[in-house]
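The exercises below ask the reader to work through one protein model step by step. Please keep the sequence and the structure in view while going through each solution.

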Amino acid sequence: MLTFEEKLAIIESFPQLTRNDVSLKRVNFHYEESLHDKKAVVYHLHPNGNGFVFAAFLKGYQKDDKGYVNIRDFSEDQLRTIIEASINSLSVKRELAPQNAATPEQVEETWIDKKGNTLLLQQEDALFNVYHGMNLEASFESYVEAEQYLLDEEFTRQ
């Protein structure tokens, strides 16, 4: 486990982040350029090594109900990776799907780009999959994520 000082040095190496000292010797780091209301990338980094990184828009992390990942046992590489990903995720405007949002019974949509390429967005169980022909292009946990991906790739719904 990295020490508090080691974590602090890693986090402070990101010039995009602004340090904010809070109570009980804890430290937050904000990303002021965030396109979201959420600006805290690192939350309550404590001298005991505990702390959290905002990862609501990221996949592959165990998150709490506010979208934070506990970084207590992260290695240097893991910490750098999640902070960079968090900053990048806050640099793109997107929406979080509400926890209890009702999803249409079955989604199947055709999307097309300016070159005439066609992708199919299809809901399969709890996932929203994007297909190029018979090949799986991408898979998402919510419709909002899938839609944002397609919009980012300059596709429009048909």
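**Exercise 1. Overall architecture and confidence**

Which pattern does the protein follow, read along the sequence? State also how far the model can be trusted along the chain.

Solution. This is a predicted model, in which local features need pLDDT of at least 70 and side-chain atom pairs count only at pLDDT 80 or more, while totals for chains, interfaces and linings use all residues. Residues are numbered from 1 along each chain as its sequence is written, and side-chain values use heavy atoms, with hydrogens and water left out.

Step 1: the secondary structure comes to three helices and 10 strands, taken as DSSP runs numbered from the N terminus (helices being H or I of at least four residues, strands E of at least two). Read along the sequence, they give the pattern α-β-β-β-β-β-α-β-β-β-β-α-β.

Step 2: the C-alpha atoms fill a box of roughly 55 × 30 × 25 Å along the principal axes. Of the 158 residues, 38% count as buried, where buried means under 20% relative accessible area, exposed over 50%, and partly exposed in between (1.4 Å probe, protein chains only).

Step 3: the average pLDDT, the predictor's confidence in each residue on a scale from 0 to 100, is 87, and 92% of the residues score at least 70. Over residues 99–104, however, the pLDDT is below 50, and this stretch has four contacts in the model beyond near neighbours in sequence, a contact being heavy atoms within 4.5 Å. Where pLDDT is low, the predicted coordinates should not be read in detail.

**Exercise 2. The buried face of helix H1**

Which residues of helix H1 are buried, and what covers them?

Solution. Step 1: within H1 (residues 4–12), the buried residues are Phe4, Lys7, Leu8, Ile10 and Ile11. Seen down the axis of H1, these buried residues fall within an arc of 165°, so they line one face of the helix; the arc is that of the directions from the helix axis to the C-beta atoms.

Step 1: the cover over these residues includes strands S1 (17–21), S2 (27–31) and S3 (40–45), together with helix H2 (76–90).

**Exercise 3. A serine in a loop**

Where is Ser34 placed, and which backbone atoms does its side chain reach?

Solution. Step 1: Ser34 sits in the loop between S2 and S3, and it is buried, with a relative accessible area of 9%.

Step 1: a polar atom of the Ser34 side chain lies 3.1 Å from the backbone nitrogen of His36, and the side chain also reaches the backbone oxygen of Lys38 at 2.7 Å.

Step 2: leaving aside neighbours within four places in sequence, Ser34 is in contact with Lys39 and Leu90.

**Exercise 4. Aromatic pairs**

How many aromatic pairs does the structure hold, and what is the geometry of the pair Phe54 and Phe57?

Solution. Step 1: there are five aromatic pairs, counted when rings of Phe, Tyr and Trp (its six-membered ring) have centres within 6.5 Å, with planes under 30 degrees apart called stacked, over 60 edge-to-face and the rest tilted.

Step 1: the ring centres of Phe54 and Phe57 are 6.0 Å apart and their planes stand at 80°, so the pair is edge-to-face.

**Exercise 5. Salt bridges**

Which residues form salt bridges with Arg157, and which parts of the chain do these pairs tie together?

Solution. Step 1: the count comes to five salt bridges, each a side-chain nitrogen of Lys or Arg within 4 Å of a carboxyl oxygen of Asp or Glu.

Step 1: Arg157 meets Glu109 at 3.2 Å, N to O. Arg157 lies in strand S10 (residues 156–157) and Glu109 in strand S6 (residues 108–112), so the pair ties together parts that are 48 residues apart in sequence.

Step 2: Arg157 also meets Glu147, at 2.5 Å, N to O. Glu147 lies in helix H3 (residues 143–152), so this pair ties together parts that are 10 residues apart in sequence. Glu109 is buried at 17%, whereas Arg157, at 39%, is partly exposed.

Notes
A polar contact is a pair of N or O atoms within 3.5 Å; within protein, one must be able to donate a hydrogen and the other to accept it, and residues adjacent in sequence count only if both atoms are side-chain atoms.
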